[in-house]
Amino acid sequence: MSRRTRFAKPAVALAVTALLGVSGCAGAGSFTSGGRDTVTIAMVSNSQMRDAIALSGEFERENPGTKLKFVSLSENEARAKITASVATGGGEFDVVMISNYETPQWAANGWLVDLSSYARRTPGYDEQDFIPSLQKSLSYNGDMYSVPFYGESSFLMYRKDLFEQAGLTMPAEPTWDQIAQAAAKLDDPASGRSGICLRGKPGWGESLAPLNTVINTFGGRWFDENWHAQLTSPEVVAAVEFYIGLVRAHGEPGAATSGFGECATQLSQGNTAMWYDATSAVGVLEDPASSKVVGKIGYVLAPTVRKPNSGWLYTWSLGIPKSSDKPDAAWKFISWMTGKPYIQMVGQRLGWSHVPPGSRRSTYEIPEYKEASRAYGPLTLAAMSGVDPEHPTVQPVPYTGIQFITIPEFQDLGTRVSQQISAAVAGRISVRAALDQAQQYAETVGRSYRGNQ
């Protein structure tokens, strides 16, 4: 079997050993009342997930025999705690929020329940309504082992009013050089406004998500076809020097500790002119209850250098660990939270900007949502359909994935590399020193793959 699709249990087990120490420090989370028929759900504490918790009383009213208990954690904490629990068969959770990184690997390892069999038996659930790229990314041997709550690619968000005041025009398909020039012109520290916000927070799902897309479009790659590490190649060095140079020169204060949430706050509160990140950010930016810039934001496709269609593909999805002793009740909750009626309920009760985007094609046919999302909805779909995780960069690679590499070792490798990147963003080490150390980490992984070819 090709190493591109081989998912090794021993590699994951080693990563879990490291993660167990991290998960022991994780916060207890946010809970509803428990009980013997309680379904325990581990979730990431993003805005759309908090909406689901706020609306969960509706599920309990419709299903009086089931109570819900939520464990809501930050992204890095959730990854550590969920991975440790599922990989060791801990049984703490009946539903876990995972992604298209974990799902096919964990399905291959036998850690997840096949959800397609449930979906086919659930009237009106319509598994085929999911956006095809997401459905494929969450499948193993043709069946889905988690189902998407929301999906995303990445795009650039910018203040239309500030561009107009500065006499700037945003191209429909900008290059990173054009973005850097605009950031320099719009940077205004005296007014408390940065030219751009970019993630610098450690974590393979934090700073490495946007940075990997920059590496890809610059023509860089993590490994060549024979699993030789390439993190000190000219293309990767140029990409990382560009990214870190841009955020250090014209980025937000405290960039080394800024992730998705921090940058969302920066743009929604008017403290930055641009932000490159997830298409799902619109839920924050276009919500009048949380944003000062509603109606002032423009959206364009991910900036490029050499490779077009440089946005990522990601989904927060829900799965059932094999260790759960309540899979039927767990599916009831999952089908409620990822079904068409939930999307309608969110729009009607909380506002259409709160709707989880990028999961179902039918969402984009709802008249109210089409109107509310006219500035970003079609672009989100275009970005998600244009990316190709099978061919993430300019040169051939032995792996799949855009903002991550779909191998078990990447959780640990990506975290270690991201720590070096964050240190360079903070100015504690040089970019060259960061990449030299990152190259050593990657070469260790590459050797294990070369030894099995």
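**Sheet, helices and cross-link**

Reply: In this predicted model, strand β10 (residues 314–319) runs antiparallel to β6, and five bridges join the two strands.

Me: Which residue of β10 is the bridge partner of Tyr150?
Reply: β6 covers residues 147–152, and β6 is joined to β10 by five bridges. For Tyr150, the bridge partner in β10 is Trp316.

Me: Which strands stand at the edges of the five-stranded sheet?
Reply: The sheet is open, its pairing is mixed, and the order of its strands is β2-β1-β3-β10-β6. Two of these strands have a single partner strand each, so one side of each is left without a neighbour in the sheet, and these edge strands are β2 (67–73) and β6 (147–152).

Me: What angle does the direction of α2 make with that of β2?
Reply: Helix α2 comprises residues 47–62, and α2 packs on the sheet by touching β1 (38–44), β2, β3 (95–99), β6 and β10. Helix α3 (residues 75–87) also lies across strands of the sheet, namely β1, β2, β3 and β10, and runs at about 115° to β3. For α2, the angle with the direction of β2 is about 170°.

Me: How are α2 and α13 oriented to each other?
Reply: The axes of α2 (residues 47–62) and α13 (residues 327–337) come within 11 Å and cross at roughly 125°. The contact is formed by Ala52, Leu55, Ser56, Glu58, Phe59 and Glu62 on the α2 side, and by Lys332, Phe333, Trp336 and Met337 on the α13 side. The crossing is right-handed, and from their angle the two helices are therefore oblique.

Me: How many charged residues does the contact of α2 with α14 have?
Reply: The axes of α2 and α14 (residues 340–350) come within 11 Å and cross at roughly 105°, and the two helices are therefore roughly perpendicular to each other. From α2 the contact takes Gln48, Asp51, Ala52, Leu55, Glu58 and Arg61, while α14 supplies Tyr342, Met345, Val346, Arg349 and Leu350. Divided by class, these residues are six nonpolar, one polar and, as the number asked for, four charged.

Me: Is the crossing of α8 and α10 left-handed or right-handed?
Reply: α8 and α10 (residues 234–250) pack at an angle of about 15° with their axes 10 Å apart, and are therefore roughly parallel to each other. Trp176, Ala180, Ala183 and Ala184 of α8 meet Phe242, Leu246 and His250 of α10, a contact with six nonpolar residues, one polar residue and no charged residues. The crossing of α8 and α10 is left-handed.

Me: How many residues apart are Cys197 and Cys263?
Reply: The structure holds one disulfide, which joins Cys197 to Cys263 with an S to S distance of 2.2 Å. The angle about the S-S bond is -80°, and the link is left-handed. Cys197 lies in the loop between α8 (176–186) and α9 (208–217) and Cys263 in helix α11 (residues 260–268), so that the pair links distant parts of the chain, and the separation is 66 residues.

How values were computed: Residues are numbered from 1 along each chain as its sequence is written. This is a predicted model: local features need pLDDT of at least 70, side-chain atom pairs count only at pLDDT 80 or more; totals for chains, interfaces and linings use all residues. Side-chain values use heavy atoms; hydrogens and water are left out. Axes are lines fitted to C-alpha atoms, for helices over the stretch in contact, and angles run from 0 to 180 degrees between N-to-C directions. Helices (H or I, at least four residues) and strands (E, at least two) are DSSP runs, numbered from the N terminus. Angles under 35 degrees count as roughly parallel, over 145 as roughly antiparallel, 65 to 115 as roughly perpendicular and the rest as oblique. A crossing is left-handed if the near helix is turned anticlockwise from the far one by less than a right angle, and right-handed if clockwise. Contact means heavy atoms within 4.5 Å. Two strands pair if DSSP finds at least two bridges between them. A disulfide is a pair of cysteine sulfur atoms within 2.5 Å. Ala, Val, Leu, Ile, Met, Phe, Trp, Tyr, Cys and Pro count as nonpolar, Asp, Glu, Lys and Arg as charged, and the others, Gly among them, as polar.
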